[in-house]
Every structure is written in structure tokens, then in C-alpha cells.
Amino acid sequence: MAKKIHTEVGYILQLGPNVAKEVYLVPEVKEINMVKDHVRQGQELFGVGGYCLTDIRKLKSISREVREYMKEHSTVTAVAILVNSGLSMMVSNLFINISRPPYLARAFRKESAALKWLEEQGGILYSE
């Protein structure tokens, strides 16, 4: 059975033995304390070294401190980021190239393309 946890900023759902989907349901994340528990719970339930589909389509603003905290405390192998528009995808991929996170990362508009990419990186999804 897939695990699911709810946090202050959204939820995390297991999509496979090494793939989780995190969905941000809040419009902004300004303080590190908002994501500390989210990161901790995700690592406790899903372990480290997995693959993550991160849906930020409802997130309008995130502080630099929070982005840095997430980058420094992430233990994933690869992250596929779901965004709203082509422009957001271009800007996100440019930002990823500039910030050089310690894991593979790429932005997508379609969840199916993001999941396919995660599988290509080594993610294993549950069969439907």
C-alpha cells in the first residue's frame, strides 16, 4: 500500500518503492520552519536516495533561504518539477542550471513526461 503523509505545506505520496510525489498546496513558503518538518517526514517515510516528483503549480513564492535549505537537505537522486507554463519551465530549467543542485533536476509541464523522465533516471513506479 502506498504511503501518504500530510505536512504544513502540502502532502507527500508514494508512487513506487523509490518514487515519491510531493505536492505544495500553499501559495508561498517564506520561512525554513515551514519545510523542515516536510523534509524530515519525507526522509523518515521514504528514505534517502529516491526519486521525487515535486508539484509546485500552486506555489507562487518561495524565499531564497527556503530554496537553499531544500537544496542542502535534500537526499534525493533526481527531482522532476511540475510547473504551470512554458515560461515557468524555461525559467526553472535555467535556474536549475545556474544553481547546480547536488541531484539531477528538470522542470516539466506534464506529469506523464516528468514520471517518464524519473523512470529513465532509475525511478520505479507501481503498476496501475
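Which exposed residues does the face of H2 turned away from its buried side carry? That face carries Arg64, Glu65 and Glu72. Exposed means over 50% relative accessible area, buried under 20%, and partly exposed in between (1.4 Å probe, protein chains only).

1. Basis. This is a predicted model, in which local features need pLDDT of at least 70 and side-chain atom pairs count only at pLDDT 80 or more, while totals for chains, interfaces and linings use all residues. Residues are numbered from 1 along each chain as its sequence is written, and side-chain values use heavy atoms, with hydrogens and water left out.

2. Overall fold. The protein chain has four helices and eight strands. Helices (H or I, at least four residues) and strands (E, at least two) are DSSP runs, numbered from the N terminus. Along the sequence the pattern reads β-β-β-β-α-β-β-α-β-α-β-α.

3. Size. The C-alpha trace spans about 35 × 30 × 25 Å along its principal axes.

4. Burial and surface. Of the 128 residues in the protein chain, 41% are buried. The accessible surface comes to about 7,600 Å², and 54% of it belongs to carbon and sulfur atoms. Areas come from the Shrake-Rupley method with a 1.4 Å probe; for residues, only the protein chains shown count as cover.

5. Contact order. Take the contacts between residues at least 6 apart in sequence: 75% of them join residues at least 24 apart. Contact here means heavy atoms within 4.5 Å.

6. Helix H2. This helix covers residues 64-73, and its buried residues are Val66, Tyr69 and Met70. They lie on the same side of H2, because they cover an arc of only 95° around the axis. The arc is that of the directions from the helix axis to the C-beta atoms. What do these buried residues pack against? Their partners are strand S3 (19-24), strand S4 (28-29), helix H1 (33-46) and strand S6 (61-62).

7. Salt bridges. How many salt bridges does the structure hold? There are four. The criterion is a side-chain nitrogen of Lys or Arg within 4 Å of a carboxyl oxygen of Asp or Glu. Side chains of opposite charge can pair when their charged atoms come close.

8. Lys21 and Glu111. These two form a salt bridge, with the closest N and O atoms 3.2 Å apart. The pair links distant parts of the chain: Lys21 is in strand S3, Glu111 is in helix H4 (residues 111-121), and they are 90 residues apart. Lys21 is buried, at 12% relative accessible area. Glu111 is partly exposed, at 26%.

9. Asp37, Arg40 and Glu44 are linked in a network of salt bridges. Arg40 meets Asp37 at 2.4 Å, N to O. Both lie in helix H1, three residues apart, about one turn of the helix. Arg40 also meets Glu44, at 2.8 Å, N to O. Arg40 and Glu44 are separated by about one helical turn, because they are four residues apart in H1. Arg40 is partly exposed at 38% relative accessible area, as is Asp37 at 30%. Glu44 is exposed, at 57%.

10. Lys3. This residue is found in the segment before strand S1 (4-6). Lys3 is partly exposed, with a relative accessible area of 37%. Lys3 and Gln14 are eleven residues apart in sequence and 5.3 Å apart in space, C-alpha to C-alpha. Leaving out residues up to four places away in sequence, Lys3 touches Ile12, Leu13, Gln14, Leu45 and Phe46. Its side chain reaches the backbone oxygen of Leu45 at 3.1 Å.

11. Arg100. Where does Arg100 lie? Arg100 is in the loop between helix H3 (86-99) and strand S8 (104-108). Its phi is near 45°, a positive value in a residue other than glycine. Arg100 is exposed, with a relative accessible area of 67%.

Definitions and conventions
A polar contact is a pair of N or O atoms within 3.5 Å; within protein, one must be able to donate a hydrogen and the other to accept it, and residues adjacent in sequence count only if both atoms are side-chain atoms.
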